[in-house]
Every structure is written in structure tokens, then in C-alpha cells.
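Me: I am new to this one. Please show it to me, and let us go through it step by step.

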Amino acid sequence: MSLKYRLSCLTLVLLMIGIYACKSNEPKENNESLGFSNDSDSTLIVHQNLKSSHYNYPSAKEMFVFIQKDNKLTFKSKLLNPTSNQSKYVDSRSKLLNLGVYISDLTYMTVFKQSKNTDLYFETIYTLSDQLRISIPYSENLLNRIKDNIANRDSVINYYENYSDDFFNYLNKNNKEHILSVITTGSYIEGLYILVNLIDDFSGNSEIIQKIADQKYTFENLYRNLEEYKSDPNAATALQYLEQILALYNELDVIKEPVQTTRDKNNQLVIDGGEKLLFNQEQFNQFKSLINDQRKSIVLNQNVYNEQ
Amino acid sequence: MKYYSRYILIILFLIQALYSFGQNCTEYHIDHCRWADRSFLYSRQSKSAAFKPGMKSEFSIVVYGGEEYYLSVDGHKKLGNIRIRLIEDNTEQTILYDNAQFKYENFFYFKNSLTKNLIVEITSEVEDDEITDDIYCIGVLIEFRSNTLENRKDKLGF
């Protein structure tokens, strides 16, 4: 082989690397999903991983984070779904919904900075994810690191928080948004179950009750998102849970204030006004009862809804 | 030896083709958008998408009452100025923020009093002769924190 030929080959290889480097953030196909909406069916074959949701919803962490500042709220371990229940989850519906339940439980533990048993909960999340073929590349190593550092509370919490974000990014990146939406349904119901059962006495003015009422918006966005996957049997079941919750949310009283924007003394944008949702005691009791029933059916794997 | 070199070339071509095919925009916001300080937490409502120069797209988010939000946007330079508008997600569709009024600043903060849905509308603003069918990535990073001082005691003093 001549030197000229070798040099030609080398040049070609370097050229390819160069082209790739310049184009690294440019998707190449023109018939892929564009923008943030879900309205292009032609994209499903070529670049599924570019398909993105029109309706976004916060994570369980965002639902829970406010309770850190409420000193009256205490951690109640009895609200957690025992990891021993994992053996009950043999079908994909119960695995997905309860994966969401355990994610909320672990988030609840980390928000209250409880490290006891976090390794068991992480292991359960890892096992269920693995059974569902959701394989985050480094999760097995992370599980070992959590076990090794179980005494170091901050490390465990930090590991989990990073894993949690990576977990959801992985599902988005791999076009598993329908799976993510079903997992999030389990997560939200568990989140509401924990919140409603942290309240000992009803007070319409309390911040936690307001926060529970405010979840209507997150449930609406999750519902709209799931509707796009309603042909999937697991998504259809999740929709039935959400429909019942939204029906009760729609009965709440609403105080409307005009939305206006101002600038504070630091010239930061402030958005005031909107709709304030209000529970009365009867509505709250009815809501709590529904959430407790739904959560029981999920963790005990009793499908109360007919398969579609 | 000649055949061996050809095989290497073919394999390299295949690897390159596969690698290029696998490129996507999903984590563009994580890698490219400007992050707020560490007192803010990452919101899973952050989003990236594929865009053509001159196009417009939007998505809905939930913002909780009593929290402070940070939005940051970044897109490929071929997408020109990236315009962000925050719009009330109801029949009135009131525009609450438009970065075109602030020299297309690529990040901003806002506080929110009551929980609500907002529409985040993103537009790639280019000249007419710059509109092409080429596709580039764009990302919107969303972070949040409780806007009460009690929740940020560790940020006071040294």
C-alpha cells in the first residue's frame, strides 16, 4: 500500500471526524418532529427521540419541596409503601404505577432527609426499572455506592437526586414518554396520598391544603399528556385514575384575580393574580377518601378499572 | 493489506453514520443553557426540541404559587435571535413577558404568586433569506426555588 493511499485514507477519516464535529448539534433528517409539540406523526420512524411533549408537568420533587419549610409537618414512615409489596407487582401496569409510587416515597424520604432504608427503596426502584427494561447505564454502580455510603445521609440524598433527574431524562431521550406519564401518575397519586395524610386537622387557609388544591394544574397537564397515548392499555388505566381526581378538582370554588405583571425593587418580574382554588372540609374529606382508595388499589395491585 | 484497509474504511463509515443518526436534541438544554446559582433546583419541565430557522413552537408548564423561577434559552446560532414569550394559558392569552423588549436576553427570573399554567412560546427570528429547511437544536432550561427568605437561610452572610 503506497504512502499516497495511506495519506488519502487518513485525510478521509479526519474529514469525516471534522464533519461530524461541526454537525454534532444538528439533527440531520428533515422529516423529524419539530418544535415542542406532539403534532407530527411522520416523525415516528426516523427520529423518535426528538418527539417532545406539548404539556409539561413538574416532578414529584417539585410537588414536595415546599414542605421543607413547614416546621409543623413531620415525617411519617407508615405512609410509605413497604418494599415487601414489590412481589405483588407482576404485570407491567402495576410495575409502572408502583415504580412511580416508590419514586415518590424515596423523594419524600430525601426531602425530610431520612436516610434509613433509602437503599432498600432505591434497590426496589432499580429492580422494577430493570424488569421494565429501563436501564440507566450506571444505576447498578450507584446502588452499590448508596449501600457503601448509607451512613452518609447527604451523599445518599445527593446520589438519588442526580439519579432521579437522569432517570426521567433517559425516558425522554429514548422516546418512552408514554411510560414516563404512567409512572408519573403513580408518583402523583402517592404524592397526594402523603400530603393529604400529613394533615391532622383541616384548615382551609393552610399552605399545605392550598398546595394540594394547586396540584389540579399539574394533574391537568399530565392528563392532557396521557391522552395522546390512550391507545396504550397502561395509559388508559392511568387516565381513569386521573379522570376521577380531576372530577373532584373541578368542583372546587375558585376566586379569580386579574393576572398582572409588575417589577419588584430589584427589577425582577413578578406575576400576580390568577385563580385561587379552595377546598371546603367536605370536599377535602371526599378528596382524601378518593386518594386513599386509589392509592390502596395501586399498591395492593387491585385493578378497580376495566381493561380497555 | 489492501483489502484490510478497505474494511477499516467501511467500518469507519458505518460507525460515523450510526453516530450521526443517533444525534438528538433531548439534552441540549442541559449542556448549552446558562444555569442559575445552586440555590435553584432543576425543573423536569425543562425542554429541548428540533427547530428550523424562522419557526415558532410552544409548550405548557405549571408554575407554583410562592416560588421563584429561572428560565434560560439557548439555540444554534443559525436560529438567529431566540424570542421567548410567557403567555397566560387561558382564553385571554395575556402576554406576561417578551424578551424582545429586553434585547433578546437569554435568561430571566420571575416570581409567581398563585399556581397557574403558562405557555412558553419560543420563536427563531431570522431574516427571510436565512429561512432554510436545515434543522438545529434549541433548549429551554427551567429552574425554581421557594421565594421565601426562610428557605434560603444558608445564603445569608459569608
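Me: What share of the 308 residues of chain A counts as buried?
Reply: This is a predicted model, where local features need pLDDT of at least 70, side-chain atom pairs count only at pLDDT 80 or more, and totals for chains, interfaces and linings use all residues. Residues are numbered from 1 along each chain as its sequence is written, chains are lettered from A and ligands numbered from 1 in the order in which they are written, and side-chain values use heavy atoms, with hydrogens and water left out. Buried means under 20% relative accessible area, exposed over 50%, and partly exposed in between, with a 1.4 Å probe and protein chains only. By that rule, the buried share of chain A is 56%.

Me: How many helices and strands does chain A have?
Reply: Both are DSSP runs numbered from the N terminus: helices are H or I with at least four residues, strands are E with at least two. The order in chain A is α-α-α-α-α-α-α-α-α-β-β-α. The count is 10 helices and 2 strands.

Me: How many salt bridges does a search of the whole structure find?
Reply: A salt bridge is a side-chain nitrogen of Lys or Arg within 4 Å of a carboxyl oxygen of Asp or Glu. The search covers all chains. Its total is 14.

Me: Which residue of chain A forms a salt bridge with Glu27(B)?
Reply: The closest N and O atoms of this pair are 3.9 Å apart. Glu27(B) lies in the loop between helix H1 (2-21) and helix H2 (28-32) of chain B, and its partner in helix H6 (residues 153-173) of chain A, so the pair joins two chains. Glu27(B) is partly exposed at 27% relative accessibility. The partner, partly exposed at 33%, is Lys173(A).

Me: Are Glu220(A) and Lys216(A) buried or exposed?
Reply: Their side chains meet in a salt bridge, 3.6 Å from N to O. Both lie in helix H8 (residues 207-227) of chain A, 4 residues apart, about one turn of the helix. Glu220(A) and Lys216(A) are both buried.

Me: Which residue forms a salt bridge with Arg85(B)?
Reply: The closest N and O atoms are 2.8 Å apart. The pair links distant parts of the chain, 36 residues apart: Arg85(B) is in strand E5 (residues 81-88) of chain B, its partner in strand E8 (residues 116-125). Both residues are buried. The partner is Glu121(B).
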